[in-house]
Structures are given as C-alpha cells and as structure tokens.
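Dear colleague,

Please find below the sequence and structure that I am handing over to you. My findings follow directly after them.

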Amino acid sequence: MIEIKDVRKSFGDLDVLKGINITIHDGEIYGIIGQSGAGKSTLLRCINGLEDFQSGTITVDGTPVSLEDPRKLHLLQKNMGMIFQNFNLLSRLDVYDNVALPMKFWGMKTKTPEAKEKIRGLLELVGLEDKIHARPAELSGGQKQRVAIARALVLDPKILLCDEATSALDPAITRGILSLLQEINRKLGITIIVVTHQMEVVKQICERVSFLKGGQVLAEGRPEELFVKPIKEVKAFLQEESALLPETGVNIQMFFTDQSSDPVITMMARELDTNFSICWAKLEDFRSSVYGSLVINVKEEDKEKVLAYLDRTGVSWEVL
Ligand SMILES: Nc1ncnc2c1ncn2[C@@H]1O[C@H](COP(=O)(O)OP(=O)(O)O)[C@@H](O)[C@H]1O
Ligand SMILES: [Mg+2]
C-alpha cells in the first residue's frame, strides 16, 4: 500500500504540491490525471524518492520514502519500476542489454543462464522475443515502450510507475500498451500508477483516479464517477461543450451507471403517458462497462411526475 499524506512541495516560491492525500492499494491500477503543469510528474518523483518534499509523508508498505537514508531509499527504489513518455533507452545497447541495465546497476551478472532466462521471459511477456538483439533505432515507438516496460520489470518490482507512458504513441499503439499494462497487473500482481493527461488512458485501465489541478486533488474516485458526472473543473479539463438545449420546458439530465437502465426512458413514456424529446446523449466505455448520460426535455407541467418516476426507478438525475 502506498500512503501519501498531506505532501507539500515547492520549487523556490512556486508551490507545486499543496497537501496531497492519496492511498493506493496493492494490486490496483491507479490513475493521476490533470493538465500539464498540475504537478503529476513531481508527485510521481516524490513517490519513488527522485525528488524531496518539504512536508507530509509518503510510505510504501509502511516504509517512509525519505532521502535521508540512501541505502534504504535504494532498496525502496528497487521495488519500483518506472517508464516514461520518451522511453529513455540507450541507443548504443541492443534490446537485451537495455533490459538488463538495472541488473548491471545493482551489480548483478547479466549473462548467466538465469539472467538470460529472466530477460527472454520478459521479452516474451511484452511480445518482443524476436527483437532481442535489435537496437532501439530499429524499433517503432510502441516497441521501444515495450522494451522500457521489460526493463522496468527486470528487478521484480512490486510497483510500476508510468509517467505519460503512452503520450507519444498513436491511439491504436496506445491501446496495445495499455492492454499489456493490464496483463502485467493481472499476471504479476503489480500495483500500477499511471500519470497521464489523456482521459482515454484512465478510462481504459484505471480502477480509481485522482484529478490533480494546481497541486491539489480536486476529485477522486472511479473514472466513471469522475467523467460521467464531472465537477466543473473536470468538465473544463475534458473541454466538454455544453449541449445546446431548448429554452422552454425543463431539461433533465439522467446518469446511467449500467446498461440495464436503458429501458427506463421508453417505460417512462409509456407509463406516464407523456412525451418528451431527447436533446443530448453520451455513452462511454470504462474498462468493461458502458456508462451514459442523457438529457431530455419535458413540459413544465410534467416535471414533477417525471422526477418522481426517476426517483422510483433509482436513476440519478439533475435539472439543468
Ligand atoms: N525542477 C524544477 N524546478 C522548478 N520548477 C519545476 C521543476 N519541476 C517542475 N517544476 C514546475 O512544477 C510545476 C509542476 O510540474 P510537473 O510536476 O512536471 O507537472 P505535470 O507533470 O503535471 O505536467 C510546473 O509549474 C513546473 O514548471
Ligand atoms: Mg509531467
């Protein structure tokens, strides 16, 4: 478990983290989303001790992250693999030696039968067995990130930190990398923290997410809670245009948290013997479920009975 408690950090006069509280459970895929400059990378660097912070605490499985005891810090860092937007591979080394690099850093032999088996196994996991002796220049962006993932796993970490790992990749390649991260999370039981400015990333793989703005967590929860019914700041971040809605009657937005709510609309029309128009609708995929929201326009005199009906059926709603 990673516990971040009231962490504050500034660079000179600039307050970059203003009291961050986040708890990440073992085996979770946790997202930290926000605009550029929100403080996401700084927070990630504080978690793995690449950056110091002025106050608050971060503990990993009960051990505080502190720069004061370098030996302890190194042991903690060994348990955390990290991948980046620009892959950070060494161009003069082939794929095998790039993956082996952290072992070298720890003074481990990289060409023993065990090491070879380990690295071959990892390259198989990331789907690059046939590129074992290729140089980074011969690989596509997606393949480079796969090498970086294998490298991040070579010391058997318990946690994988991803800083904008898919931001330089096109959508199809991104989906492949995200599926791979999910597979790693499932197969190896590794906790994954995903820092990103891309909502798609969070929607596809994160179980929980924090929305960071100006060094503060403004919203936290399951992605479907954050994005289907967003608070003002999240809406602005998503740059969601408000729908053009009728100026007469009453506009009611409904939120569906699973597909079974779909018939509510048609049943309501039938049971209340009323007419309404559908003004706007949105359906979104979150991991394996679909979530949606719908705006209907009803006549003023129907408002009360429609809202009472929605309450009876348990649909959550908001009058706009
Ligand atoms: N080493 C540094 N020195 C001074 N300011 C920094 C440093 N690193 C980051 N910052 C500033 O901290 C803020 C947050 O940066 P960062 O954590 O990289 O945000 P994000 O990853 O969300 O884009 C930005 O205003 C950035 O300019
Ligand atoms: Mg960043």
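**Findings in the predicted model**

Just after helix 3, G107 adopts a positive phi of about 70°. Please bear in mind throughout that this is a predicted model.

Helix 3 itself, residues 95-105, has V95, Y96, N98, V99 and A100 as its buried residues. Those buried residues pack against two other helices, namely helix 4 (113-125) and helix 5.

At the strand 10 end, strand 9 (residues 208-213) and strand 10 run antiparallel and are joined by five bridges. Opposite L212 stands V217 of strand 10.

A second open sheet consists of four strands in the order 12-13-11-14, with antiparallel pairing. Strand 12 (277-286) and strand 14 (316-319) are its edge strands, and each of them pairs on one side only. Neighbouring strands here are turned against each other by 15° on average, with direction ignored. Strand 12 and strand 13 (residues 289-298) run antiparallel, with nine bridges between them. K282 has S293, in strand 13, as its bridge partner. Helix 11 (residues 303-313) packs on this sheet, where it touches strand 11 (250-256), strand 13 and strand 14. The direction of helix 11 makes about 5° with that of strand 11.

With the sheets described, I turn to the division of the chain. It falls into domain 1 (2-237) and domain 2 (250-319). Taken over C-alpha atoms, the centres of domain 1 and domain 2 are separated by 39 Å. Where the two meet, seven residues of domain 1 are in contact with eight residues of domain 2. On the domain 1 side, the elements that give two or more residues are helix 7 (199-205) and helix 8 (223-228). Helix 8 gives the most to that side, with four residues. By class, the side of domain 1 that touches domain 2 has three nonpolar, one polar and three charged residues.

Finally, there is the ligand. Which residues are around ligand 1? They are F11, L14, V16, G34, S36, G37, A38, G39, K40, S41 and T42. The largest share, three residues, comes from helix 1. Sorted by class, the shell around ligand 1 has four nonpolar, six polar and one charged residues.

Yours sincerely,

A colleague

Notes
Residues numbered from 1 in each chain as written. Chains lettered and ligands numbered in written order. Predicted model: local features only at pLDDT ≥ 70, side-chain atom pairs only at ≥ 80, totals over all residues. Near = placed C-beta within 6 Å. Nonpolar A, V, L, I, M, F, W, Y, C, P; charged D, E, K, R; others polar. Domains from an automatic or database assignment. Pairing = 2+ DSSP bridges. Buried ≥ 20, exposed ≤ 12 C-beta atoms within 10 Å, placed from the backbone. Axes fitted to C-alpha atoms, helices over the stretch in contact; angles between N-to-C directions.
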